[in-house]
Amino acid sequence: MRIRTAGLVAAALLALPVSARAQQEMTNDTSVVRNAWGARRSFGLAVGEVALVNAIPWFFNEFIRGGNFTQVNPRSWVENISNGFFFDDNQFNTNFFAHPYHGSLYYSAARSNGLSYWQSAPFSLAGSFFWECCGETHPMAWNDWMATGIGGIAIGETLYRVSSTVLDNQATGPGRIGREVGAFFIDPVRGFNRVVSGRAGRVYANPVDPQDHIPDHLSNYLRAGYRRIESSVNTNDSKYEEGYGAPFVEFDMRFGDPFEDSRHKPFDQFQMDLKMNFGDATFIGGFRIVGNLVTKDLSKSEGAHHLFVVTQNFDYNNTNVVEFGGQAFGAGILSKWRLSDSWSLRSDLNLHGYVLNSVNSEYAFSAEVPDREALRKYDMGAGAGTWLNLGVVRNGLEVFGLGYRLAWVHTLNGSNVNGGDTNHLVQSAIVRGAVPIVGRWGVGADAMGYLRDSYFEQIGFDDVEQKVGVVRVFGWFRTF
Amino acid sequence: MRPIPFIAVLGLAAVVVVSPPQAGAQQADRADVPGDGFGFQAALGFTSISQDYGDVITDGIPAEGGVWYQTGAFRGGLNVLVASYDVVDPFGSQSISQVEIAASALLRFRRQHRLQPFVGARIGAIRFRPEGALFDPVPPPPDELPGENPAKERTGLVGGLSAGAEFWFTRHVGLQALVGYRAFSTDALDIPLLGVTDVKTGGAFDLRLGVEWAI
């Protein structure tokens, strides 16, 4: 009851000035700075909402769950900050999906209050740091800060853009309600701000630039099908094999076209791939984001166009046999060769450095973590990676593609006990094809080979080679 | 620290109240003091406990965060105060944490000046949670899950008065200093090892210094 009462008081306090601000906005006051969606730029509201995003889980754990880590006070803050950062023992999906999603709420608190990508990014990092030092009594976890702070930026900007494609300020009636509700679920903090500011119910202008709303080049593919996975884990004297098959659903979004678009602000062009797996470790089995932060022309002619890009990359793969995730920044070259009016060849070469990455490891249970409550199954570290993708594209549809990817995980916490280095090399290669059948419908298939070579210096830890094969067949529907 | 009687706080409040207030409730129009609107506060300080809880805990260090909205001389807010206390000797290594959520009201004076005295009142809920082996149930509850706190919390009501002053460096940034007294009553706390039972009431004398951000 106390919690509900406190929540109502907080909501009233927040809504009071915001409603007054909404009235001010309606007077076309030109002294305030607004973003393309009409949201007034407000650092104060951003700070307040970041605090609220931290307060809600704190209240839940302290007052409802009865947690043993939320009895925070100045002494716990000093102790946490003076002890510095450690790594924690949370489950993989918590550390590499739930935490980044929570970080996206911090980010959105700033982004949906009129701030840009670069202005919003510090809010994700600061909100996460504040939780680590002062929102819980657990020792500060470096992996939590990086996954939440940096992953939150990638997911936050992506969800902001995705929700923008759903919103329509000109819509009315049930259609408008449906759009606002849909956008609320995609980006809850933005939805909250639209409701309390009154913009959710107003009919007013949409953004002028399509990159802020629905870009001219937008490809959304919904795929559904069946996949078969086979895995073998080999050491010097043992071999373990397993295999399983299950349905999957995948949502693949290509927002913008770096070759065609004239504007190149951060995430004006990005790729997002969300995999939902049945009969596997978790329902959300994969989430990958590659957002362009900087895009510059290298050369452009009648037949070829080459771009230099700086990217922010987010990886999360969680199946029964593979756990791989990370936050990275990279640079690369995108190329497009024109083959005919409707056919082109595209390539994507990217080199990136991981601020934090992770992969499943047979000896990760030995990870040194304070206040251990669980045994981890994955190593965490930092490293580097690269990928090269080639695609044959016909009228915007990649009908045939090849890809290769390499990632190095230098373990900072996990199997590297007693000073013994642990390094993982993860390689994957994929071949994929798609055939249109009728209208927006088609079929496709892909096959991927995955190889993990893990090298352990610790005596008694045998090196490991894991091979995974994945074959998928699916139908697809292009929504845009 | 010896508790200062409640009457001292009232006396300070009276001094503040009789200082010449600005006429009327018009919004501040100086560029270097805040007008009507929304703001945040954060403060650190010391707390001395008396009454029942004074026999159990000592050396309170509180921190408070709050969000407020002010119009004219009145300011209403929602405040969250967290604090930790050491248990009295010989169990000084044990501690008790406190969470308080309160609605606050504040009346400001001399609003056209950088230095603005105020008086305030608050009412809310308070919660003490013992930490450490002294308070853990033996044997542990059979249904305890990882991450749960086995020590039972004590909850109750709190009300208080305060007086102090704010100094505004700019229209948006200021400092606040206050003294205050809070009275509270909670569920009964028993600590057989200390020979105390039925600990329910407490009085908290506060001294805090904080920062203010008016948006």
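Modeller: What follows is a description of the largest nonpolar core. This is a predicted model, in which local features need pLDDT of at least 70 and side-chain atom pairs count only at pLDDT 80 or more, while totals for chains, interfaces and linings use all residues. Residues are numbered from 1 along each chain as its sequence is written, and chains are lettered from A and ligands numbered from 1 in the order in which they are written. A nonpolar core is a set of buried Ala, Val, Leu, Ile, Met, Phe, Trp, Tyr and Cys residues joined through C-beta atoms within 7 Å, where buried refers to 20 or more other C-beta atoms within 10 Å of a residue's own, with C-beta atoms placed from the backbone. Among the 61 residues of the largest core, those that touch the most other members are Ala46(A), Val50(A), Tyr106(A), Ala109(A), Phe123(A) and Ile289(A). Helix H6 of chain A, residues 142-166, supplies the largest share, ten residues, a helix being a DSSP run (H or I) of at least four residues, numbered from the N terminus. Because domain 1 (2-205) and domain 2 (216-478) of chain A both contribute residues, this core lies between them; the domain bounds come from an automatic or database domain assignment. Val50(A), setting aside its neighbours within four places in sequence, is in contact (C-beta atoms, placed from the backbone, within 7 Å) with Tyr106(A), Ala109(A), Phe123(A) and Gly127(A). Apart from this core lies another, of 29 residues, including Ile49(B), Ile57(B), Ala204(B) and Phe205(B).

Key: A residue is buried if 20 or more other C-beta atoms lie within 10 Å of its own, exposed if 12 or fewer, and partly exposed in between; C-beta atoms are placed from the backbone. Helices (H or I, at least four residues) and strands (E, at least two) are DSSP runs, numbered from the N terminus. Two residues are in contact if their C-beta atoms, placed from the backbone, lie within 7 Å.
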